[in-house]
Amino acid sequence: METLDFLFDNKEVDEKQTIKNVKKFFDTKYNSLLALTNISTLKAVDYGSTKVNTSPNNSVETIRVRQLQAKEYLKAIHECINSLEPLKAQVLTYRLIEHRKVTEIMELTSYEKTRIYDSINEACCEFASILKLVTDIDLISYKEQ
């Protein structure tokens, strides 16, 4: 029951900081996960007689395990986004993944600037909550009491 304990806590969410955390996550960690999934793990075969010592930290197996984990995280992230209301999913994707300008998003969605900003912020908070439910990634910040 430890995983559901946060459902019953009375901590107040710091929405501004949570929004910043989600935006930072997409600027840094999300791109790292994407990059990791695109790394080729194949090595060139050398039939020479020289034996090469390899680092256990850089073995093909370790890299492959990291790639599989990254793919699972990306799958969970996209499922979290897709579970949002359609407008929130759209603006989150357009703004934080595709890095589109707000004016572009306004044209694509036919909503005004304030509605777009509100939707992005709401989407960030909801995304952080859902992500915490399905992964070990916690982007939620709480206010000091």
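Which residues in the largest nonpolar core touch the most other members? The legends below begin with that core, in a predicted model.

**Figure 1. The largest nonpolar core of the predicted model.** Among the 31 residues of this core, Val22, Phe25, Phe26, Ile77, Leu92, Phe127 and Leu139 touch the most other members. Two or more core residues come from each of α1 (15–27), α2 (29–37), α3 (60–82), α4 (86–97), α5 (102–109) and α6 (113–134). The largest share, eight residues, is given by α6. In soluble globular proteins, nonpolar side chains tend to be buried together.

**Figure 2. The chain as a whole.** The chain has six helices and zero strands, and from the N terminus its elements run α-α-α-α-α-α. It has 145 residues, of which 31% count as buried. Of the contacts between residues at least 6 apart in sequence, 70% join residues at least 24 apart.

**Figure 3. Helix α6 and what covers it.** The 22 residues of α6 should span 32 Å at 1.5 Å a residue, and the end C-alpha atoms of α6 are 31 Å apart, which agrees. Buried in α6 are Ile116, Ser119, Ile120, Ala123, Cys124, Cys125, Phe127, Ala128, Leu131 and Lys132. The cover over these buried residues includes α1, α3, α4 and α5. An α-helix has 3.6 residues a turn, so residues three or four places apart point the same way.

**Figure 4. Packing of α5 on α6.** The axes of α5 and α6 are 10 Å apart, and the two helices pack at an angle of about 100°. At this angle α5 is roughly perpendicular to α6. On the α5 side, the contact is made by Val102, Ile105, Met106 and Thr109. Lys113, Ile116 and Tyr117 make the contact on the α6 side.

Figure 5. A disulfide would need the two sulfur atoms within 2.5 Å. Seen from cysteine 125, the closest cysteine sulfur is that of cysteine 124, again at 6.8 Å. Cysteine 124 has 0% relative accessibility and counts as buried. Cysteine 125 is also buried, with a relative accessible area of 15%.

**Figure 6. Helix α4 and leucine 92.** From first C-alpha to last, the twelve residues of α4 reach 16 Å, close to the 16 Å expected at 1.5 Å a residue. The buried residues of α4 are Leu87, Lys88, Ala89, Val91, Leu92, Tyr94 and Leu96, and they pack against α1, α3, α5 and α6. Apart from neighbours within four places in sequence, leucine 92 is in contact with Phe26, Ile81, Leu84, Ile97, Ala123, Cys124 and Phe127. Histidine 99 follows α4 and has a positive phi, near 55°.

**Figure 7. Aspartate 14 in the segment before α1.** Aspartate 14 is partly exposed, with a relative accessible area of 23%. Not counting residues up to four places away in sequence, aspartate 14 touches Ser141, Tyr142 and Lys143. Aspartate 14 and glutamate 144 are 130 residues apart in sequence, while their C-alpha atoms are 8.8 Å apart in space.

Terms used
Residues are numbered from 1 along each chain as its sequence is written. This is a predicted model: local features need pLDDT of at least 70, side-chain atom pairs count only at pLDDT 80 or more; totals for chains, interfaces and linings use all residues. Side-chain values use heavy atoms; hydrogens and water are left out. Buried means under 20% relative accessible area, exposed over 50%, partly exposed in between (1.4 Å probe, protein chains only). A nonpolar core is a set of buried Ala, Val, Leu, Ile, Met, Phe, Trp, Tyr and Cys residues joined through side-chain atoms within 4.5 Å. Helices (H or I, at least four residues) and strands (E, at least two) are DSSP runs, numbered from the N terminus. Contact means heavy atoms within 4.5 Å. The expected span of a helix is 1.5 Å times one less than its number of residues. Axes are lines fitted to C-alpha atoms, for helices over the stretch in contact, and angles run from 0 to 180 degrees between N-to-C directions. Angles under 35 degrees count as roughly parallel, over 145 as roughly antiparallel, 65 to 115 as roughly perpendicular and the rest as oblique.
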